[in-house]
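Work through the exercises below with the sequence and the structure at hand, looking at charged side chains and how they pair.

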Amino acid sequence: MAKYLLLKHYRGAPASVNDVPMEQWTPEEVSAHVQYMRDFAARLESTGEFVGEQALSPEGTFVRYDGEGRPPVTDGPFAETKDLIAGWMVIDVENYERALELAGELSAAPGAGGKPIHEWLEVRPAYGEPSVVTE
């Protein structure tokens with residue numbers, strides 16, 4: 001088994017087919033999207049492929065070490081940044097192809113109008129896990 005991180009982006013990935021920002025969705029559309037995600041995670045729990053997941057707020061702060069005895073340097077949040085992560089899911093699957101298959105399925109979560117978003121998801125192998133790089 002190999003662990004992969006599936007990243008959902010607010011921004012930073014190519015535009016999805018159903019490219020309507022979530023803040024413009026109806027409450028019913030948001031609920032349908034969240035339920036799809038819950039059902040997807042529950043199914044992966046039942047197969048043993050689910051490790052964890054979390055939706056994330058668009059706010060955040062960059063922090064770095066600034067020397068012994070000094071407070072960390074902070075900068076942000078950068079809500080305008082290109083790469084905002086909306087959430088993540090860690091899966092533990094048999095191989096890279098299965099990770100891609102599940103990411104493709106997750107990409108079909110409903111959005112505006114109840115239609116699949118067809119959003120781009122970033123698939124990242126955990127460090128030290130086997131991966132396939134295509135060019």
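The model is predicted, and WHY-type steps below rest on relative accessible areas of the side chains' residues, with Asp92 at 16% and Lys3 at 33%.

**Exercise 1.** Determine which strands are linked by the salt bridge of Asp92 and Lys3, and classify each partner as buried, partly exposed or exposed.

Solution. Begin with the contact itself: the side chains of Asp92 and Lys3 form a salt bridge, at 3.9 Å from N to O. Finally, Asp92 is buried because its relative accessible area of 16% is under 20%, whereas Lys3, at 33%, is partly exposed.

**Exercise 2.** Find where Arg98 and Glu101 lie, and state which residues their network joins.

Solution. The two side chains meet in a salt bridge of 2.7 Å, N to O. Both Arg98 and Glu101 lie in helix H2 (residues 96–106), three residues apart, which is about one turn of the helix. Salt bridges with shared partners join Glu49, Arg98 and Glu101 into one network.

**Exercise 3.** Classify Arg64 and Asp66 as buried, partly exposed or exposed.

Solution. Their side chains form a salt bridge at 3.7 Å, N to O. Arg64 is exposed because its relative accessible area of 51% is over 50%, and Asp66, at 25%, is partly exposed.

Note on methods:
Residues numbered from 1 in each chain as written. Predicted model: local features only at pLDDT ≥ 70, side-chain atom pairs only at ≥ 80, totals over all residues. Heavy atoms only, no water. Salt bridge = Lys/Arg side-chain N within 4 Å of Asp/Glu carboxyl O. Buried < 20%, exposed > 50% of the residue type's maximum accessible area, 1.4 Å probe, protein only. Helix = DSSP H or I, 4+ residues; strand = E, 2+ residues; numbered from the N terminus.
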